[in-house]
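These are my notebook entries on a structure that I am reading for the first time. I set down what I looked up, in the order in which I looked it up.

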Amino acid sequence: MQGKARLMVFAMIIMLWIEPALTEAAEEKDVLVLYTTTDGEVNADVRLLDMALGAFADTITFKNAADVEAGDTEGKSHIFYYGVTKETLPGRTAEVIDTFNGPVTAIGYNTAGLGEGFDFVGPAICGTVTALSMPGKPDKTRQIEPHELDGITIEEGTRVIVEGLGAETEQPVIVENQGHYHVAVNSLVPPFSTYFSQVLYEIFDEEAPDDTPAFIRLEDIHPMADPEQLMDVAELLKERNIPYMMAVIPVYTHPETGEELHFSDSPKVLQAIRYMQDNGGSVVLHGYTHQFRDSETGEGFEFWDVEHDMPIYHGQEETPDMRTEADFDSPEDYEAWQEENLAFEREYIEKRLTRGIQELANYGLYPLAFEAPHYTMSQNGYNVVSDYFSTYVGQVQLHDKDWRTMETTPLASNPTFFHGMNLLPETLSYVHPDDEQAVQKMMDRAHQYQVTDGGMAGGFYHPYLGVERLEKLLGEMEQIPNVEWMDLKEMENTTSAENVVISSGDGTIDTTIDRTGLMTASLDYPAYHAKVLVQKSMWGIAGVGMSAVLLFGVYAVRQRKKEEDIHHG
Amino acid sequence: MADFLLYMSLFIIWFMLFYHMFLMQGGYLHHRRHRELKAAWEKDPGELPSFSILIPAHNEDMVIADTLKAMAALQYPKDRLEVIVVNDNSSDATGEIVEGFAARYSFIHAVHTRPPEGGKGKSGALNQGLKRASGDVIAVYDADNTPEPDAVWYLALGLNKDPDAGAVVGKFRVQNGGRNLLTRLINMETLTFQWLAQAGRWFWFRMATIPGTNFAIRREILDELGGWDEKALSEDTELSFRVYNLGWHIRFFPAAVTWEQEPETLNVWWKQRMRWARGNEYVIGKYLLGLHRLKHRKITLDLFYFLFTYLLFFTGILLSHAIFVTNLFVDLDLTIGMVSYVLLVTGFLLFLVEVLLALSLERGQLTLKNAGTAVLMYFTYSQLWLALVVHATFLEAKRMLTKQEVTWYKTQRFQTSGRETVKKEKRAKSS
């Protein structure tokens, strides 16, 4: 009897032990993405999906749908299929999906090849929609630019989650039937992306947040920035108690003389940025010079050769090697050449990031995130950046063939091609200097992104535009329901380069800096401190001099008085 | 680069200004303390030494009579005093005037020299006088000096009571200080120099530079040194260095007062100061090259003081002037900002207050008029010095490179008030 009781207690303990582990395992969101693209490779469209899923999934595995095998779904919680191009899928694909127990979402073409689960969807004629809405959720209706959608027919019992509204038609866009979701659009760009992301809450069974995260980033703060304007902006933001980001460029290159200016040459700007960092601002490294060739800082593309529309595989003065695979004798030669290019690019980016982080840290400025100049960055580039930064802010270049494939996503995300980096998407764009309606346009975008609960309202502002327009923008942004300003310092971020580790959390920044290492890394670093010391000592000198002036003045007056006393006495 | 040069020059300038502040503080403290010491020594002066006064005179008929009158009025036992006037190759009435005094006063002697021994300048004349001197203490007065009656007694007192002093230096005052703006400025300069540099250095380091006049030195030292260096343009600075080198100190004793005439025209001022500046640069060159041979490290302090004053300080000032002016026309991207103006103002105020403090130490000198002149002094007189030192350095550098012989410029004298102004132009340059 005693023995039995003991065994039961033991068994219960074991169960208590195991159960949380089991539930945890169940909650793990491991996603399998199957795709169909022209060349069978992950492309820009698939990366858009990656960005959207990155907000929810713990792991995402990509596989060409034609190559899928039975074992691929093992341990997966969700399957997404993205038919970017029309193709007849092999029967195996349907088999694999049919045997999967979790939710399956099909986007775009080729639904017919996805097994019985998707029999509820059939093709229909296309129609033009001018608005999107979510039945039962009146606040999610948005007017859109007229858009032609491939129509679908659905079986009875299918739930319409998102529908398109045309002049005469109502057209299902996102539908669900027994755990099978179909997204009847071919590209996950706005406005569709905002609806898609909203539906992801349901697909991943996650509660949507009430708050709307927002951020404002002050753009292109370089050594030639106007310190007074910076201070005006800083005071305004401080007064309104709004945390913000500063996109800082450590070097300004004069467009005519080519002369390089660092913050050590602009003590007032430096002082302003330090003040900002201490009063709500967080530094975001925005490249090192913001230029590759000789263009003005803030104008050039630093990590992209925009002239040849290719990554930096060559020196500034070199003519790029534009060969293609056909120019090589063997695939091995081609591959070796590609490796070389990637190594060159890696070294180029590493040098600039290291220099940028070190230089700023040497000034007491601690970048908590990175933003590529003009958001241009190759896939290899994101990989390199992820070695240095845990957080990336901005829009995202989606492939290496054309820098204009630039997109964003509604939610903070962790896409696989960011290699662990957290993306804080910029959704609102910016206050265009020449556009009177700029703020209104930003607010329209914000409204669009509100379709996704917790959809980011992030935009940027050039401090040189002055405080008035910023005031207007902030005023508008504060009207966003449940707006919650993001503070990088409250988030856990880690930035590291040789000799420098910066981390943040709970509103503070922690640094681990190997001073000796840093000071020996470049002569410029100790030189800056020497200069500061010299400047400070100048004030010390003036102070001592002034004290002597006062002292001697007192002596002279006393002496003179004594003389008078002798005279009169 | 411009930044670097500017900071460099500011450091040099302020290094010197700090040193001056330090000296001024010492000078002030010395002023406060020396009165008690003087009173104590006066009570027990000790046995007065035999005293020889050397007065080199080259064409001094305009001033020598006044000088000798003052000599005759000296309060010192006449059996222990001799005044030797070295009438050095004069072409005017100096000889006759001196002979006249010599006939009347037994302790006044005349030595007349002619080339080849004579006419070699002040050092040469002093060496000629030294040969004739019999005193244990040798004092020197310029031919335009009128010492106060107790001046010599105080010099003797200083040597008596301070066995470590090789020489005692008195204070000189400007006789014609009220004549014009220039003499007024010189008056303020001499007071500042003596209370800041002389009294300050004495207070902190037991050092003072032997001036050309109103000082007394032990005979044994001159014998050991072999007299004055006839190649030196500023024989006084040179002599000071050699006295330090023997291990003696030089006492500044402001109780011994003499009054002397200062240049009344810029032209004369320029020539006299040019001699001093070049002379001091000569000394810098001479001793700096032989620094390792100097026995007493204390000299290096003074040597570097001169080095800093004549070369680095002025270089610093020139450089910062140049940067300042250049920056008016071309943007040098200077990052110094506000503090440069603060330093500029502080530097000026420091100068002003130091001059005013020095003036306050002399009865009746700290007047509103003098205070106003001190402001003017900074912008005129001090800048003139800058030009002078640049010129002197240029000439000295040229001389050293081409190995030219030195020529002695004897300061031109001026009629003391009451007399007629004559022959100034004719005697502007001699020897």
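**Entry 1: burial along a helix.** I began with α9(B) in this predicted model and asked which of its residues are buried.

**Entry 2: what covers it.** I then looked up what lies over the buried residues of α9(B), and the cover includes α6 (181-205) and α8 (235-245) of chain B. Also among the covering elements are α10 (298-329) and α13 (381-402) of chain B.

**Entry 3: its span.** I checked the length of helix α9 (residues 266-289) of chain B: at 1.5 Å a residue, its 24 residues should span 34 Å. The end C-alpha atoms are 34 Å apart, so the two values agree.

**Entry 4: annotated spans of chain B.** I consulted UniProt, where an unreviewed entry lists residues 6-29, 303-324, 336-359 and 371-394 of chain B under "transmembrane region". In the model, residues 6-29 of chain B are 100% helix and 0% strand, with end C-alpha atoms 34 Å apart. Residues 303-324 of chain B are also 100% helix and 0% strand, and their end C-alpha atoms lie 30 Å apart.

Entry 5: For chain A, the unreviewed UniProt entry lists residues 538-557 as "transmembrane region". I found this span of chain A to be 100% helix and 0% strand, its end C-alpha atoms 28 Å apart.

**Entry 6: domains.** I noted that chain A is divided into domain 1 (28-203), domain 2 (217-311 + 348-521) and domain 3 (524-569). The C-alpha centres of domain 1 and domain 3 of chain A lie 79 Å apart.

How values were computed. Residues are numbered from 1 along each chain as its sequence is written. Chains are lettered from A and ligands numbered from 1 in the order in which they are written. This is a predicted model: local features need pLDDT of at least 70, side-chain atom pairs count only at pLDDT 80 or more; totals for chains, interfaces and linings use all residues. UniProt positions are given in the numbering used here, feature names are shortened, and annotations may be inferred rather than shown by experiment. Helices (H or I, at least four residues) and strands (E, at least two) are DSSP runs, numbered from the N terminus. Domain bounds come from an automatic or database domain assignment. The expected span of a helix is 1.5 Å times one less than its number of residues. A residue is buried if 20 or more other C-beta atoms lie within 10 Å of its own, exposed if 12 or fewer, and partly exposed in between; C-beta atoms are placed from the backbone. Two residues are in contact if their C-beta atoms, placed from the backbone, lie within 7 Å.
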